[in-house]
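Dear colleague,

I am handing over the structure below, together with notes on what was found in it. Please read the notes with the coordinates open beside them.

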Amino acid sequence: MKLVFATNNPGKLKEVQEILPNSIELLSLKDIGCDEEIEETASTLEGNAQIKANHITENYGYNCFADDTGLEVEILNGEPGVYSARYAGEPANAENNMNKLLNSLKTKENRKARFRTSICLNLNGEQFLFDGICKGNILTQKQGEKGFGYDPIFQPEGFIKSFAEMSSNEKNKISHRGLAIQELVKFLKDFK
């Protein structure tokens, strides 16, 4: 089965390739010649995932899935949420986003947060949604060199490491995206 993953993020692409079974040939936007920026204008993660998946299916004719992920911090009423990638403004920059978040939490004791990924799959004319959630805490400083985005400041529940200190195998088993992709894979195995 050929599936397009509607992302330009090499970190996300690598994570997903490591989780999907070999029976699924994963194509990137680059592989299908899609180099336009797909605007994420929805106010929800699900909505943004749908916009991206629909764009590929409607304009390129491929079965496709897209995701949108947000980091939701409890004391900040769920911020940065759907605006996680551009939390510190344009252009999107992980360092600036982390610094802004750490600054916002400087005087806060409650550092509970969760990563949430929403996946929209367009397959053979039907649409399906999958979610993955990973609860944890925001650290007071960056730890680790691996991963991308907010990984150096997110410590999943039950672990002493940040996402950025984990191997991709460790992270994929428990992460929001890993859990959502596992739901997707389970669905695809049973899909007739």
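Two strands are said to pair if DSSP finds at least two bridges between them, and the helices (H or I, at least four residues) and strands (E, at least two) are DSSP runs numbered from the N terminus. This is a predicted model, in which local features need pLDDT of at least 70 and side-chain atom pairs count only at pLDDT 80 or more, while totals for chains, interfaces and linings use all residues. Residues are numbered from 1 along each chain as its sequence is written, and side-chain values use heavy atoms, with hydrogens and water left out.

To begin with the strands, β1 pairs with β2 (residues 25–27) in the parallel sense over 3 bridges, and V4 stands opposite L27 in β2. Between these two strands the chain passes through α1, and this β-α-β crossover is right-handed, a term that applies if, with the strands pointing away from the viewer, the path from the first strand over the helix to the second runs clockwise. β1 also pairs with β3, again in the parallel sense, over 2 bridges, with F5 opposite F65 in β3.

Helix α5 (residues 176–190) has 15 residues and reaches 22 Å from its first C-alpha to its last, close to the 21 Å expected, where the expected span is 1.5 Å times one less than the number of residues. Its buried residues (under 20% relative accessible area with a 1.4 Å probe, protein chains only; exposed is over 50%, and partly exposed lies in between) include A180, I181, L184 and L188. The buried residues of α5 pack against elements including β1, α1, β3 and β5.

Within α5, I181 has a relative accessible area of 0%, and in contact terms (heavy atoms within 4.5 Å) I181 touches V16, I19, L20, F65 and I119, not counting residues up to four places away in sequence. I181 and T117 are 64 residues apart in sequence and 9.2 Å apart in space, C-alpha to C-alpha.

A nonpolar core is a set of buried Ala, Val, Leu, Ile, Met, Phe, Trp, Tyr and Cys residues joined through side-chain atoms within 4.5 Å. Of the 19 residues in the largest such core, L20, F65, L121 and I181 touch the most other members, and α5 gives the most to this core, with 5 residues. A second, separate core of 17 residues includes V73, I138, Y150 and F163.

With best regards
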